[in-house]
Each structure stands twice: as structure tokens, then as C-alpha cells.
Amino acid sequence: MKSYIVEGGNILSGEIEVSGSKNASLPILAASILNANTTKLYNIPRIQDTKITLKILKLLGCEVKSKKGKIVIDSKNIYITEIPEELMREMRSSIILAGALIGRFKKVKFSYPGGCDIGSRPIDLHLKAFRKLGIKIEEKSGFITCTCDKIVGNEISLDFPSVGATENIMLASIFCEGVTYIKNSALEPEIVDLQKFLNKMGAKIEGAGTSIIKITGVKNLKEVSYNVMPDRIEAGTLLCAAAVTGGNLKLKNIETEHIEAIIDKLRDMGCELEVEKRQVELKSIRKIKAIDIKTMPYPGFPTDLQSIFSAVLTVAKGTSIITENIFESRYKCMSELKRMGAKVTIDNRIAVIKGVRKLTGSNVKATDLRGGAALLIAALSAKGKTKIDNIEYILRGYESLDKKLNKLGAKVYIKDNK
Ligand code: EPZ
């Protein structure tokens, strides 16, 4: 297991480029199954989750070459339609491969993706949608087998604008007979990126970014090359690192329209932000002000930045009220923040954070990807040294985060506890 050793108290300032989006890359990598041809992808972040996805594609029979952020996948010779159980467990978002495999091969077998540290993560909306597309689903001893003669286009209304279910329905419907409509679809920018990629491959999809997406079935797809969008959650994380240490940060290669809710909250906290189309400059102030945050589906405040903003608010002036509306247990990192001196009380989906003057470096453990990043943000401004264990969680979703922060003036080292 690896740990971060963080020396707190350094002001983070300078200029940094945001990496490609993890949550856009994963469905786009899965979609490369569909064209039985070559897919060239650029700006894919080199993180554990993309590595696992590439490993699964290879196991299914794809040819995969990757160098310096460019990935070439040839999905012509896929001969397996079963997602390996151990890899399903390692990365629950591999459920997105199911939609692509059933879309092309009309069959797929996978194990129930385990819940994770932020909640039970059910897939009922995915399965309900698959059934509406004419797919037969068999659940036996923890495995799910999906089969059909053809995918029949249909109208699917989602009970909740689930990102993964929206993406899975898009992938499963690419070759459908007729037309599929997704109503109450997720509006996230990663869905728009997936639509752009699929249409470039020859699919016929419209409406991504709105609550009705229309997929008209096509007969075949062609080879494609595509540049994945920047990571809006990494952008928010880096802005919080500058804000909590009183620094000035110029963030480049970001679609600022994707982070409007984040910019609004940083301004409410007292930070000054100069916003251009593809870059944002944050000038922080001495003392952050307390604010209230309610997480919502896009374009509301993203649940993925709730714990990271909470870490900043532990040293704000005043009391902040956080309401987590998307996942049922996304406050695991709060107990670790309390070990650093944070004053937090939790009641179900509400966290009340009473700002303190400063946190104190301590030994803490990452509990999940974004909760781990929150501990790192807290450690940057804490007095003294902090050791964060189980940073494998963090390495799943951030490319070279320690290097990026150290370039800005932080002191973060990786210790391999072998
Ligand atoms: C995606 O997860 C992201 N992951 C998550 O980011 C993100 O937090 C989430 O969307 C919400 O924005 C990827 O894109 C790989 P959902 P996903 O389906 O698709 C419930 C990160 O840190 N639900 O929109 O799993 C679910 O339990 C990760 O980068 C059902 O009830 O999220 C949750 O409460 C974490 N039944 C809510 O919907 C279902 O069938 C939102 O889930 C599916 C979801």
C-alpha cells in the first residue's frame, strides 16, 4: 500500500494544465467495442481506472497500443463477451462495457458490480432499460446474463437522471431497430462528449446535454479518432488546493462552462476568479468564508466535489451546511478530517462544518477516491506533517496529482509501504 506524506502550510501558486476527463474516458473506451475497427483516442488520463478498462478490452480480444496519452484500440477480433469478475469488482464502472457488448454482440455476462465506499450503487435503472430494449436478463449466483435476438428501439424514461444508465442505454441502442428515446437523461458534459465521439464513429444520436436523447439505429460504424474532454472534477480539485492555501492559480485546458457551479461557490467563499472560455485564474483571499452546498445532478453542484469543498470549509470563517443529495454515504472522509481537528457533525445526508482556524497534520486513511483527495486538500493547509494511507483510491482517478501540486509549491511525497 502507498501513502502520501504531506508537509502543510505552503502556498500553492502558478499555472497548470488539467488532464483528460476520467468520467468521459471510461464510456468512450467502452464504446470502442462497437465499431469492430480502429479507434484512436487522445488526452486519455493515465490513471488506474483507465488502465483497468484497457486490461478488460484486451481480455475481450481487442488489440490495444498506448503511448504518451494516445491510445489505439482495434476491436475487430473480440471473441469474449464476459467481463471478468475480479475486474468488475475492482472497478464498478466497468458496467458501462455491458451496454457496448450487448449493443454489438447481443449478449453479455457480468458479475454484480459491488457497491463501494460511497453507497450501494445499484444498477436497477440499467437493467430496467435493457428489458425495455428487448433484452432478456437472467440473474444467477451473482452473475447477470443479458441476451437478445435484436435491440428494439423504445422510449425509456429514467426514474433518476443516472449518468451510467444514460450512457449504457446509448451504447446498447447504437444498432437498434428503429429509434430509442431516453427521457430524463443525465445532462452531464461527459454524456455530450460520448455523443460527439459516437457520432464521429457514424452513430446517429442527438439531444445529449438535454433531458431527451434520441438514438436512431444505424447498420455499421467506422474507424474514428477523438480527443477526450478535460476533467472538470480535477479542475475543481486543483482550484480548491489553491484556495485553501491562499494561493493564486491559473488553470489551463478546461471548458469553463463545465465548472460554472464550482466557480460560483468559490466566489461565494470569497475567492476572485477571472474566467475565459478555456482557462480560469483564481486569486484567493486570506480567510475563506463559510457557505452552504447542496449536491445536485448537472448543472447543479457536482457530488464528486462535495468532500473536496468540505475539506476547504473546515478552515472557513463561520459554519457551513452540506447536503449530499446523490449518494447515500459520501461522508466517510469526515471522520478522518476530524482526526485533523475539523469540527463536523453529520445527520444522515447533512454535514454541519464549523470552521476552525487551522487543521493539524495527522495520520489518516483514504476511504474512497474523492474522500482521499479531500484529505490531501486538507493536509496542504494543515499545520505540520500528514500521512495519508491507502492512496491507491486517489491514484484511480487523478493523473500525477502529487507532481501537479508540487509544481505549484506543495510538498507531497509518495511512500511505498510495500
Ligand atoms: C457517475 O457514476 C460517475 N462515475 C460518478 O463519479 C458520479 O459521482 C456520478 O456519475 C454522479 O454524477 C463515472 O462516470 C465513471 P449515477 P454513476 O448512475 O453513473 C443511483 C467519481 O468519483 N442509481 O448517476 O454510477 C445511484 O445509487 C465517480 O468520479 C440507482 O439508484 O452515477 C446514485 O445514488 C463517483 N440505480 C445516483 O443514482 C441505478 O441503476 C447517481 O448515480 C443507477 C444509479
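Aspartate 49 forms a salt bridge with arginine 396, with the closest N and O atoms 2.8 Å apart. A salt bridge here is a side-chain nitrogen of Lys or Arg within 4 Å of a carboxyl oxygen of Asp or Glu. This is a predicted model: local features need pLDDT of at least 70, side-chain atom pairs count only at pLDDT 80 or more, and totals for chains, interfaces and linings use all residues. Residues are numbered from 1 along each chain as its sequence is written, and side-chain values use heavy atoms, leaving out hydrogens and water.

Helices (H or I, at least four residues) and strands (E, at least two) are DSSP runs, numbered from the N terminus.

Is aspartate 49 buried or exposed? Aspartate 49 counts as buried because its relative accessibility is 0%. Arginine 396, at 24%, counts as partly exposed. The cut-offs are under 20% relative accessible area for buried, over 50% for exposed, and partly exposed in between (1.4 Å probe, protein chains only). Lys22 joins Asp49 and Arg396 in a network of salt bridges.

The count comes to 21 salt bridges. One of them pairs lysine 128 with aspartate 159 (3.1 Å, N to O). Lysine 128 is in helix α5 (residues 124-132), and aspartate 159 is in the loop between β9 (155-157) and α6 (163-172). Lysine 128 is partly exposed at 40%, while aspartate 159 is exposed at 57%.

Now the sheet. 4 strands form an open sheet in the order β21-β22-β1-β23, with mixed pairing. Two strands pair if DSSP finds at least two bridges between them. β21 (363-365) and β23 (411-416) are the edge strands, each pairing on one side only. Strand β1 (residues 2-7) runs antiparallel to β22 (residues 385-389), and 4 bridges join them. Isoleucine 5 has lysine 387 in β22 as its bridge partner.

Next, the interior. A nonpolar core is a set of buried Ala, Val, Leu, Ile, Met, Phe, Trp, Tyr and Cys residues joined through side-chain atoms within 4.5 Å. The largest has 72 residues, of which Phe110 and Leu198 touch the most other members. Helix α4 (residues 96-105) gives the most to this core, with 6 residues. A second, separate core of 71 residues includes Ile322, Val344, Leu375 and Ala410.
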